[in-house]
Amino acid sequence: MKVITIKQPFATLIAEGIKLYEFRTWKTKYRGELFIHAGLGIDKKAMDKYKDLNLDYPKGCIIAKCSLMDCILVDDDFRKQLESENAYVYSSMIKHKEWEGYAFKLENIKKIEPIKVKGKLSLWDYKGE
């Protein structure tokens, strides 16, 4: 199964169904089931922003399963959509109009019992070691 490694707190926000898009500078043609891996890295500024949510932020493990449904170019129209969907979660994407990249649309998100595994760059395969 394909996996994407994401820094905390964003991996947990996805696992909790709060964040429905993952942003990357590269696009993918892949569509289908996807594991969300919480990497070892954290975004300290974002961790502070979301501290009031009182969530657990595990690291170094797969924490959710979802479906990657689409890969959308982030342009001004899409930024407006993000603002209307959840300005709190997507505020950095809305503000940084110079950022160019893609939004991976995630659906059918389900938290799973954490699976300890080392992360990798890009989309990678997990064989159930």
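1. A nonpolar core is taken here as a set of buried Ala, Val, Leu, Ile, Met, Phe, Trp, Tyr and Cys residues joined through side-chain atoms within 4.5 Å. Buried means under 20% relative accessible area, exposed over 50% and partly exposed in between, with a 1.4 Å probe and protein chains only. The model is predicted, so local features need pLDDT of at least 70 and side-chain atom pairs count only at pLDDT 80 or more, while totals for chains, interfaces and linings use all residues. Residues are numbered from 1 along each chain as its sequence is written, and side-chain values use heavy atoms, with hydrogens and water left out.

2. The largest nonpolar core has 18 residues, of which I4, L34, I36, I63 and L106 touch the most other members. Two or more residues each are given to this core by strand 1, helix 1 (10-15), strand 3, strand 4 and strand 5. Strand 4 supplies the largest share, six residues. Helices (H or I, at least four residues) and strands (E, at least two) are DSSP runs, numbered from the N terminus.

3. Neighbours within four places in sequence aside, L106 is in contact with I14, L20, E22, L34, I36, C66, S67 and L68, where contact means heavy atoms within 4.5 Å. Another core, of 16 residues, lies apart from the largest one and has A46, Y50, V74 and V89 among its members.

4. Strand 1 (residues 2-8) has five buried residues out of seven, so the rest of the structure largely encloses this strand. Strand 1 pairs with strand 3 (residues 32-42) in the parallel sense over six bridges; two strands pair if DSSP finds at least two bridges between them. The bridge partner of I4 in strand 3 is I36, and both I4 and I36 are among the core residues that touch the most other members. Strand 1 also runs antiparallel to strand 6 (residues 123-125), to which three bridges join it. There K2 stands opposite D125 of strand 6.

5. The pairing continues through strands 3, 4 and 5. Seven bridges pair strand 3 with strand 4 in the antiparallel sense, and F35 stands opposite K65 in strand 4. Strand 4 and strand 5 run antiparallel and are joined by 10 bridges.

6. Helix 3 (residues 76-86) has F78, R79 and L82 as its buried residues. Viewed down the helix axis, these buried residues fall within an arc of 105°, so they line one face of the helix; the arc is that of the directions from the helix axis to the C-beta atoms. D77, K80 and S84, on the other side of helix 3, are exposed. The cover over the buried residues includes strand 2 (21-24), strand 4 (61-73), helix 4 (91-95) and strand 5 (102-116). At the N-terminal end, D75 caps helix 3, with a side-chain oxygen 3.2 Å from the backbone nitrogen of D77.

7. Aromatic rings deserve a separate comment. Rings of Phe, Tyr and Trp (its six-membered ring) pair if their centres lie within 6.5 Å, with planes under 30 degrees apart counted as stacked, over 60 as edge-to-face and the rest as tilted. By this rule there are seven aromatic pairs. One of them is the edge-to-face pair of F23 and W99, at 6.4 Å centre to centre and 90° between the planes. This pair links distant parts of the chain, with F23 in strand 2 and W99 in the loop between helix 4 and strand 5, 76 residues apart. F23 counts as buried at 14% relative accessibility, whereas W99 is partly exposed at 22%.

8. Y50 and Y88 form another edge-to-face pair, 5.4 Å centre to centre with 80° between the planes. Y50 lies in the loop between helix 2 (44-49) and strand 4, and Y88 in the loop between helix 3 and helix 4, so the pair ties together parts that are 38 residues apart in sequence. Y50 is buried, with a relative accessible area of 2%, while Y88 is partly exposed, with 43%. Separately, Y21, F23, F78, Y90 and W99 form one aromatic cluster.

9. R24 belongs to strand 2 and is buried, with a relative accessible area of 17%. The R24 side chain makes a polar contact with the side chain of E22 at 3.0 Å. A polar contact is a pair of N or O atoms within 3.5 Å; within protein, one must be able to donate a hydrogen and the other to accept it, and residues adjacent in sequence count only if both atoms are side-chain atoms. Residues up to four places away in sequence not counted, R24 touches I4, T5, I6, W99, G101, Y102 and F104.
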